[in-house]
Amino acid sequence: MPRPLRLLSLATPLAFLAVWEAAARLHAIDVRFFPAPSSILADGWQTVRTGELWANLRVSVARILVGFALGAIPGAVLGILMGLIPWVRAAGMPLVSAVYPIPKSAILPLIMLIFGIGELSKWVFIAIGVFFPVLINALAGVLTIERIYLDVGRAYGARGPAFLRTIALPGALPVLFAGIKLGFGLALILVVIAEIVSSRAGIGFMIWNAWQIFDVEKLYTGLIVIGLLGYLSTEAIDAVERLVVPWKPRA
Amino acid sequence: MAAIAVKIRVRGLRKAFSARFGRVDALSALDLDVHDGELCVIVGPSGCGKSTLLRILAGLDDADAGEIEVGRREHGRPLTAMVFQEPSALPWMTVRANVAYGLRMQRRSTADWAPIVDRYIEKVGLTRFARAYPHQLSGGMKQRVSVARAFAADPEILLMDEPFGALDEQTRVALQDELLRLFEESGKTIVFVTHSIDEALTLGDRVLVMTPAPGRILRELRVPFPRPRRVIELRTDPEYGRRVAEIWSLLGYGHTTDAAAT
């Protein structure tokens, strides 16, 4: 990006915050709903100092990571197998197509019924959400590998695990990563939903609790933290992708 | 003439594909002998089934009927290695890993394959690019990777399916020269498919002319030019022009008066 444009991208959010701050101080907006950024920041710093934020963040991150792993790993494995083996695809596709469109939030009551209201149900809930986009993209990743590369593998005697390792997996990786990014975004949404519905800890709980006791600043703090978490995780996944897919030409 | 060892013997090979309007015969009762250590070129019009023949020899497609026998010199060596027409260097591997691919799939140890791979990378002039990925290379360089990969795999037979067909003229001549050099040093058996009569005469010891689909071998021509050959030197040989005309006439173009003698 040219320098002036980059400066502009930096300037707009700062200008937005400045206008908000000024409007709040002049009471041009209702500070009960839109407290000044400075007071949100001060309140947020409080939650950091008391350890409240850290305690909630830790719980949420653990749930996201466990749920993500539980969903992404089987999703990737099954997706690749469905891509490689026609009968696995034929057997699995109807189930996937039937379950995938159900909004994941609608499944939460059933999951709590089966797995209780403890950590397990959160993991399962997130895992189900992550599973489908990862599976579908792994499948698409394998199916979109150019035929010539499959021929190269076969012509040079790659069979079974060797074919998987040298052709199918690397060939599917670029599309698989798109699924991983989608899945991680979903994991963030689902952890908040699960924590709002039933939890005594986590960022979702913190936000819901702030609403119940009308602590508007803390509500905003929760939003900022979950937003930052999303941003940082996207950056982290991009970094992993650059490491694992070094051959992908980048703009 | 001394008895020639037959490396590949193909008898009665048939292959048909089903299309929307019915079955299409690609190969009908094709017979073929390839001699040990020769560069055998199969030339024919598009769609005559020459690529199908190579894919069957490579084990990528199954024949409907017929026999293929390959004389193995040693066990453990792969039967075939293939160079494809389209760019086939695996995008997710470096040049070096691509050239090593065939050897690695044979479960050879790194210590075993590394010197072989480096030698072939050097022979095709890609030493500086050994750690590059294919998307950083030109079309000619990618094709060099595929050629090096096939030679490094050290198969009983090398199969080449119009490997230089998609390249520009100058790059093609450069790669033909490199292939001549590699072939003349290695003594390998190569089956080379092309639609270019020039290419067939430049590279081959024998040229087999195929009929339009369903493909059969129409005629065999011995190429008299001595080795080692260089592409540009060959083209200035008056005999070269005569041979080109002969093949054209076999394919149904031009005069057939003095072409019948083989």
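**Labels and their grounds**

Author: A:H27 sits in the chain A loop between α1 (3–25) and α2 (37–49), where helices (H or I, at least four residues) and strands (E, at least two) are DSSP runs, numbered from the N terminus. This is a predicted model, in which local features need pLDDT of at least 70, side-chain atom pairs count only at pLDDT 80 or more, and totals for chains, interfaces and linings use all residues. Residues are numbered from 1 along each chain as its sequence is written, while chains are lettered from A and ligands numbered from 1 in the order in which they are written.

Reader: What makes B:E162 count as buried?

Author: B:E162 has 20 C-beta neighbours inside 10 Å and therefore counts as buried. B:E162 lies in the chain B loop between β6 (157–161) and α5 (169–186), and has a positive phi of about 45 degrees although it is not a glycine.

Reader: How do you know that residues of chain A are in contact with residues of chain B?

Author: Contact requires C-beta atoms, placed from the backbone, to lie within 7 Å. In these terms, 14 residues of chain A are in contact with 18 residues of chain B. On the chain A side, α7(A) gives the most, with 6 residues.

Methods. Contact = placed C-beta atoms within 7 Å. Buried ≥ 20, exposed ≤ 12 C-beta atoms within 10 Å, placed from the backbone.
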